[in-house]
Amino acid sequence: GTPQKYDPTFKGPIYDRGCTDIICCVLLVVAIVGYVVVGVVAWTHGDPRKVIHPTDSRGQFCGQQGTPNDPLVLLEFQCPTTQVRPGPLWTVAFPKFPTESGPPPEPPPCPPLIQICVSKCPDRYMTYLNAYRNAASLEYYRNFCTPEFKSSRKAPIEVLKDKECPAMLIPSTPLARRCFPAIEAKKGVIMVGNETTYDDGRGQRRNVTELLEGAKKANVVLETRQLAMKIFEDYTVSWYWIIIGLVIAMVASLIFIVLLRFLAGIMVWVMIVMVILVLGYGIFHCYMEYANLKGEAGSDVSLTDLGFQTDLRVYLHLRQTWLAFLIILCVLEVVIILLLIFLRKRILIAIALIKEASRAIGHVMSSLLFPLCTFFLLCLCIAYWASTAVFLSTSNEAVYKVFNESACTFSGDTCNPETFNTSNVTKTCPDAQCLFAFYGGETAYHKYLIVLQFFNVFMFFWLANFIIALGQVTLAGAFASYYWAFKKPDDMPAFPLFSAFGRALRYHTGSLAFGSLVLAIVQVIRVTLEYLDHRLKAAENKFAKFLLSCLKCCFWCLEKFIKFLNRNAYIMIAIYGTNFCTSARNAFFLLMRNIIRVAVLDKVTDFLLFLGKLLIVGSVGILAFFFFTQRIKLVEDTAPPLNYYWVPILTVIIGSYLIAHGFFSVYGMCVDTLFLCFLEDLERNDGSAEKPYFMSQNLRKLLKKTNKGQPDA
């Protein structure tokens with residue numbers, strides 16, 4: 001590319017600018033209008049209750065006002081087969097009954113589980129054949145029969161054949177509004193209701209282990225629920241301490257940024273030493289834990305043999321865990337030390353850039369609060385996407401199918417339960433039933449639901465990237481106003497941040513839409529590749545897996561490159577007001593003409609800012625670790641009792657990182673903007689009286705540059 005030439009009229013971000021990339025702006029507005037229409041249509045047809053509440057065989061919700069189903073819990077029993085079919089919910093088998101002509105014929109493919117709404121789950125073993133002979137038992141059994149079961153005078157065989165009642169009841173427990181077998185282990189023996197066998201309703205005894213396979217998923221859900229409840233309990237007793245930890249992280253980040261303005265050089269070196277010391281202590285602590293576990297029973301079990309455990313404290317009793325932590329921290333320590341040794345000279349220039357960024361942020365203090373605006377807009381975007389996705393996924397209609405035991409030409413056809421009893425199906429196939437099969441639909445809207453879901457995902461990425469781009473170009477415009485002010489801060493506008501925000505929305509919405517659109521397309525392709533990879537995990541085609549891995553790697557690299565290019569293009573847009581393609585080209589060529597400075601100076605600065613985040617997160621994390629594990633004697637009795645002390649510790653660490661990242665992202669954008677302005681300054685000016693440098697005096701000294709004929713600013 002051609003270096004920028006001196007322009008005597010250039011005094012920083014251009015105010016006399018025009019609209020750029022208007023077509024993309026119009027396209028974004030049209031897409032947003034379409035997105036709103038999709039949301040309205042989804043909210044009109046969708047019903048999130050389908051995700052939360054169970055339904056009976058008629059597709060009606062259990063326990064909902066305005067429906068005949070007042071009970072709250074769902075009981076399911078199975079189609080007439082001789083075996084209990086495993087499933088995510090409790091299933092009970094119906095017996096086969098002989099006919100006059102001999103053994104019953106093989107039934108067609110098994111219909112979906114017949115399900116009814118009940119007020120509570122059964123708490124005892126019972127079969128219908130036994131309950132039929134006892135009035136009190138039959139009265140109890142009525143609670144688990146369909147609404148059609150009215151008369152006890154009906155023969156038991158007819159009741160079971162018409163599927164009005166289950167053949168047997170099993171002691172169950174409610175979970176997620178569904179009844180699951182009350183499986184428990186006592187001294188290594190699997191039991192249900194203190195019994196190891198049960199009557200299957202046909203006079204045969206079965207082992208309760210046959211129910212275990214069908215309830216495996218239920219047990220996983222139950223364990224997950226118990227884990228979630230314990231985590232929730234930990235949050236209820238430690239939430240105020242977590243907030244205190246996050247406040248400490250915020251105060252530490254603010255103090256760190258304020259100190260950087262006045263003591264940037266000292267703070268950077270202190271930060272480097274502190275990071276090395278923190279990692280060194282981590283190495284020492286891991287080694288001591290590793291050494292102390294030597295000889296203890298069970299400490300030599302490998303992580304692969306142990307497998308996944310919901311109680312993460314189990315892993316801390318293994319030597320292999322602390323050895324892995326030790327190796328990771330050692331590698332990280334060595335890498336940091338080697339980088340500091342080889343880049344020690346460039347660190348001085350990076351410190352000068354950080355000092356300049358501190359001054360710029362000091363003159364634009366409102367920039368520290370601007371990430372809150374970006375965060376709020378992103379939360380709105382995420383909430384709209386998530387709610388639209390839920391409503392779209394629940395906008396299917398209840399589909400009913402014809403199910404029967406004997407051969408029938410109408411088997412599997414769609415039916416209407418309201419008119420089914422008067423239709424020709426019941427005359428041709430007396431044993432046929434119209435049962436709820438699944439949620440679906442055959443209208444044009446239902447056929448294109450997958451397209452609407454894809455559009456929802458695409459618009460989420462586009463709008464999220466647009467919001468991030470808006471934040472970046474706003475900060476870049478504010479900090480560029482500082483750099484190109486020859487007399488700082490006298491030549492700066494009164495409200496640089498608001499001025500930059502107004503220019504971005506008024507003139508460059510199209511350019512921001514263009515850049516975010518390109519990035520969104522790449523991200524959607526990456527999501528599609530991840531989906532394909534998930535679907536092809538069980539495939540044995542090694543070439544397809546290899547090709548998919550290559551594509552995932554290539555698009556990951558492409559996404560990183562586009563993010564880097566977009567970030568610098570937005571800086572050029574904020575300064576010169578050019579369209580996206582021109583800004584991206586100029587930024588790319590400017591960086592390529594200074595590739596050594598980009599590869600070393602800019603990345604060293606990013607590395608130093610990363611160390612700052614690491615120091616804050618590490619310090620707050622260590623403090624939280626010692627507090628919640630009650631290792632600080634002064635406040636030992638203050639720490640709350642916890643089921644898992646890692647819950648508040650991880651929450652504090654993640655929250656501290658997000659807080660530190662929010663503050664340092666402003667710093668990073670400031671450094672990148674000043675760096676590009678610095679490169680432009682070197683190309684435009686030569687330090688003469690006609691073309692003086694705009695960089696600070698410290699930068700001029702480090703680069704051995706001077707402004708001739710004018711005093712240093």
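Are Phe256 and Phe664 buried or exposed? Phe256 is buried, and Phe664 is buried as well. This is a predicted model.

**Aromatic pairs**

A pair of aromatic rings is described by the distance of the centres and the angle of the planes. Phe256 and Phe664 form such a pair, and their ring centres lie 5.8 Å apart. Their planes stand at 50°, which falls between the limits of 30 degrees for stacked and 60 for edge-to-face, so the pair is tilted. Phe256 belongs to helix 7, which covers residues 216-292. Phe664 belongs to helix 20, residues 646-684.

Phe625 and Phe626 make another aromatic pair. This one is edge-to-face. Phe626 has a relative accessible area of 21%, so Phe626 counts as partly exposed.

The geometry of the two pairs is set out here.

| Pair | Centre to centre | Angle between planes | Class |
|---|---|---|---|
| Phe256 and Phe664 | 5.8 Å | 50° | tilted |
| Phe625 and Phe626 | 5.7 Å | 80° | edge-to-face |

How many aromatic pairs does the count come to? The count is 28. Ring pairs also build a cluster, and its members are Tyr35, Trp43, Tyr384, Phe391 and Phe455.

**Charges over rings**

Arginines sit over tyrosine rings at two places: Arg124 over Tyr140, and Arg319 over Tyr290. Arg124 lies over the face of Tyr140, 3.8 Å from the ring centre. The charged end of Arg319 is 4.0 Å from the centre of the Tyr290 ring.

**Ile242 and Val652**

Helix 7 also holds Ile242. Its relative accessible area is 6%, under the 20% limit, so Ile242 is buried. Val652 is 410 residues away from Ile242 along the chain. Yet the C-alpha atoms of Ile242 and Val652 are separated by 5.9 Å.

**Helix 16 and helix 17**

Two packed helices are described by the angle between their axes and the distance between the axes. Helix 16 spans residues 509-535, and helix 17 spans residues 542-576. Their axes come within 10 Å of each other. The crossing angle is roughly 165°. Angles over 145 degrees count as roughly antiparallel, so helix 16 and helix 17 are roughly antiparallel to each other. Their crossing is left-handed. Which classes of residue make up the contact of helix 16 with helix 17? The contact has 15 nonpolar residues, five polar residues and six charged residues.

Terms used. Residues are numbered from 1 along each chain as its sequence is written. This is a predicted model: local features need pLDDT of at least 70, side-chain atom pairs count only at pLDDT 80 or more; totals for chains, interfaces and linings use all residues. Side-chain values use heavy atoms; hydrogens and water are left out. Axes are lines fitted to C-alpha atoms, for helices over the stretch in contact, and angles run from 0 to 180 degrees between N-to-C directions. Helices (H or I, at least four residues) and strands (E, at least two) are DSSP runs, numbered from the N terminus. Angles under 35 degrees count as roughly parallel, over 145 as roughly antiparallel, 65 to 115 as roughly perpendicular and the rest as oblique. A crossing is left-handed if the near helix is turned anticlockwise from the far one by less than a right angle, and right-handed if clockwise. Ala, Val, Leu, Ile, Met, Phe, Trp, Tyr, Cys and Pro count as nonpolar, Asp, Glu, Lys and Arg as charged, and the others, Gly among them, as polar. Rings of Phe, Tyr and Trp (its six-membered ring) pair if their centres lie within 6.5 Å; planes under 30 degrees apart count as stacked, over 60 as edge-to-face and the rest as tilted. Buried means under 20% relative accessible area, exposed over 50%, partly exposed in between (1.4 Å probe, protein chains only). A charge sits over a ring if NZ of Lys or CZ of Arg is within 6 Å of the ring centre and within 35 degrees of the ring normal.
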